[in-house]
Amino acid sequence: MEPKKKILVTGAAGALAKKVIDKLKKDYKIVAVDFRTKVDLGIPVESYKVDFNKRLFEDIFREHDFDGIIHLGRISAMELNRFTRYNANVVGTRKLFDLARKYNVPKTLVMSTYFVYGASAYNPSLLDETTPLKASELTMDLVDSVELENLSSIYLYKHPELNITVLRPCNIAGPGVRNTFSMLLSEKRSPVLWGFSPLMQFIHIDDMRDAICTAFEKNIPGVYNVAPDDYIGFQDAIKASGSKTIQIPSIPPSFTERIARFLKWKSFPPYLINYFKYPVIIDGSLFAKTFDFKPKKTLSDIFTYYKSLK
Amino acid sequence: MAKEKQTILNKIFNDSSVEEYVNVFPNRVGSQGFDAWGFNIKNMKNNMRLTKYMYENFFKVEAFGLENIPKEGRCLIIPNHSGQLPFDGMLVGYSLITSPYGARAPKAMVERFLPTVPFIGNWLSSVGAVIGDPVNCERMLENEEAVVVFPEGVRGSNKLYKHKYQLQRFGSGFMHLAMNNNAPIIPVGIVGMEETIRSYADLKPLAKLLGMPVMPLVLPYLFPSKVFIHFGKPIHFNNDVYKEQDITDRVNIVKEAINELLKEGLAKREAYNKEQKEKKK
């Protein structure tokens with residue numbers, strides 16, 4: 001019997017990574033790392049708490065002969081300060097790619113976000129993967145997300161032997177997810193901007209897990225948006241999830257930003273104000289076609305879940 | 001008075017006749033009734049009820065040449081732009097949806113600043129408006145949709161009242177789109193919208209302060225005005241010229257066709273006004 005292939009999963013403490021590990025652990029030997037904590041994922045999974053920028057990180061590569069990396073570990077803009085985030089997300093990822101080259105890891109999947117496109121009134125709909133990434137133009141807090149993408153693209157073309165796949169998903173939602181917009185669906189009262197209900201896309205965490213596993217296993221290098229071709233206005237999504245809205249004044253924009261800074265709500269960060277205003281609708285058709293992917297869970301499934309929490 | 005208002009509103013929003021038109025919309029909306037540009041079937045029904053009332057009772061629209069609209073397939077509908085607010089787009093859209101020659105559910109390209117205006121941006125996209133980006137237009141033509149484009153933009157819609165029925169500079173983007181996507185152009189002349197909201201000045205410093213392209217000085221009143229819409233014959237342009245000057249010449253052909261339709265509309269309106277005066281006598 002052929003020995004199981006070994007893969008490294010970063011960001012193991014996150015809900016999505018746990019789901020990915022759970023799905024892949026019967027076919028692969030999993031080594032899980034997270035910068036926050038040593039995650040207990042059961043006996044077959046080796047787990048480490050490690051900082052990518054420390055020399056100790058290389059020991060994991062020396063000890064294990066990896067057949068692939070699933071890089072889900074990213075500090076979100078809600079956590080820590082800009083400098084630490086940049087070091088972890090950008091400099092840390094570079095370290096990861098360099099180690100992957102040094103130890104001949106044949107494939108790497110990197111998780112990005114649709115936030116990189118930036119929310120602007122001028123966005124056309126169905127942004128494809130060639131659309132310029134404008135998020136850093138809007139806020140310094142998303143610079144690390146854009147830089148992580150640029151870095152991945154450079155390694156993708158400069159070092160084809162790494163076989164890098166970058167996934168840019170829309171809003172991930174469902175049990176355990178703690179990103180801004182999923183948190184808003186779970187709250188009893190959620191802030192919205194007066195007079196704005198941007199169109200949004202949501203993908204269920206189980207579908208995103210399947211998208212990651214499929215893209216990793218088929219390994220067709222490139223950059224892909226991951227989103228269903230189903231849409232809903234933000235305020236309608238809040239209502240469908242059984243939440244009530246708190247209307248925040250939307251004009252003038254500087255006043256809205258001041259309110260966000262004053263409130264310091266995790267679910268209404270100043271750097272995401274534009275995402276509460278303007279749609280960022282991505283075209284997931286390339287991913288769907290390349291990997292023969294169709295989400296199984298509907299928007300109604302997502303909203304029914306959040307409604308059941310209330 | 002309050003009771004009378006209530007009756008009108010009830011009449012508008014309980015009008016079930018618009019349901020038949022909703023079947024016109026291609027089945028491109030998702031599970032929640034939205035398409036990728038924010039069009040929302042529920043809002044559209046209510047909007048159509050209101051538009052029907054305005055179309056029939058307020059603007060008393062008469063539409064001519066609807067037989068020129070292709071029953072299916074991609075096309076660009078190019079009207080003159082006027083009236084400060086996008087009522088002209090609304091009326092053209094309603095004419096197409098209720099056309100006896102084969103209904104079309106059009107998309108309308110709107111000014112890029114409109115999504116920045118609370119409520120207006122959302123409302124417009126929910127009824128089929130899309131920001132005027134060539135990427136959007138190209139995708140919709142690929143979907144074989146009828147797309148309404150106002151090449152004058154704010155130069156036309158927000159011009160001063162003293163410039164009424166004088167076509168302003170046309171952008172050439174629509175011509176590139178028509179040629180690249182092999183889409184016929186249907187010129188449209190709209191008469192009557194210029195008189196509904198009249199702009200007497202453009203308050204440029206205030207517009208700059210609010211980040212708007214224009215700030216018209218208008219009376220807060222919607223003047224009643226009968227509207228005539230003339231749809232012209234489709235014009236086809238092959239994708240065989242490359243110089244911008246040649247494109248501009250082709251844009252001028254469309255402009256001239258619209259001017260002719262405007263003349264027709266103005267003549268019809270004059271005859272109508274005369275008839276009304278005689279009736280009063």
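pLDDT is the predictor's confidence in each residue, from 0 to 100. I started there, since this is a predicted model.

**Confidence**

I looked up chain B by element. Helix H1 (residues 2–13) of chain B has the lowest mean pLDDT among the elements of that chain, at 68. Strand E9 (residues 228–231) of chain B has the highest, at 98. I then took the chain as a whole. The average pLDDT of chain B is 89. In chain B, 96% of the residues score at least 70. I keep one caution in mind: where pLDDT is low, the coordinates should not be read in detail. For the complex, I noted an ipTM of 0.90 from the predictor. The pTM is 0.88.

**Chain A overall**

I counted elements next. Chain A holds eleven helices and 13 strands. I checked the radius of gyration of chain A and found 19 Å. The globule rule gives 19 Å for 310 residues, so chain A is as compact as a globular protein of that length. I also took the box along the principal axes. The C-alpha atoms of chain A fill roughly 60 × 35 × 35 Å.

What share of the 310 residues in chain A is buried? I found 48%, with buried meaning 20 or more other C-beta atoms within 10 Å. I then turned to contacts in chain A with a separation of 6 or more. Of these, 75% link residues 24 or more positions apart.

**The sheet in chain A**

I traced an open sheet of seven strands in chain A. The order is E3-E2-E1-E4-E5-E6-E11, and the pairing is parallel. Which strands are at the edges? I found strand E3 (46–49) and strand E11 (222–226) of chain A, each pairing on one side only. From one strand to the next, the twist averages 15°.

Strand E2 (residues 28–34) of chain A runs parallel to E3(A), and four bridges join the two. I picked out one residue pair here. Ala32(A) has Ser47(A) in E3(A) as its bridge partner.

**The A–B interface**

I finished with the contacts between chains. On chain A, 24 residues are in contact with 19 residues of chain B. Which elements of chain A give two or more residues to this side? I listed strand E12 (232–233) and helix H11 (299–308) of chain A. I sorted the chain A side by class as well. The side that touches chain B has 14 nonpolar residues, seven polar and three charged.

Terms used
Residues are numbered from 1 along each chain as its sequence is written. Chains are lettered from A and ligands numbered from 1 in the order in which they are written. This is a predicted model: local features need pLDDT of at least 70, side-chain atom pairs count only at pLDDT 80 or more; totals for chains, interfaces and linings use all residues. Two residues are in contact if their C-beta atoms, placed from the backbone, lie within 7 Å. Ala, Val, Leu, Ile, Met, Phe, Trp, Tyr, Cys and Pro count as nonpolar, Asp, Glu, Lys and Arg as charged, and the others, Gly among them, as polar. Two strands pair if DSSP finds at least two bridges between them. Axes are lines fitted to C-alpha atoms, for helices over the stretch in contact, and angles run from 0 to 180 degrees between N-to-C directions. The radius of gyration is taken over C-alpha atoms; the globule rule is 2.2 Å times the number of residues to the power 0.38. A residue is buried if 20 or more other C-beta atoms lie within 10 Å of its own, exposed if 12 or fewer, and partly exposed in between; C-beta atoms are placed from the backbone.
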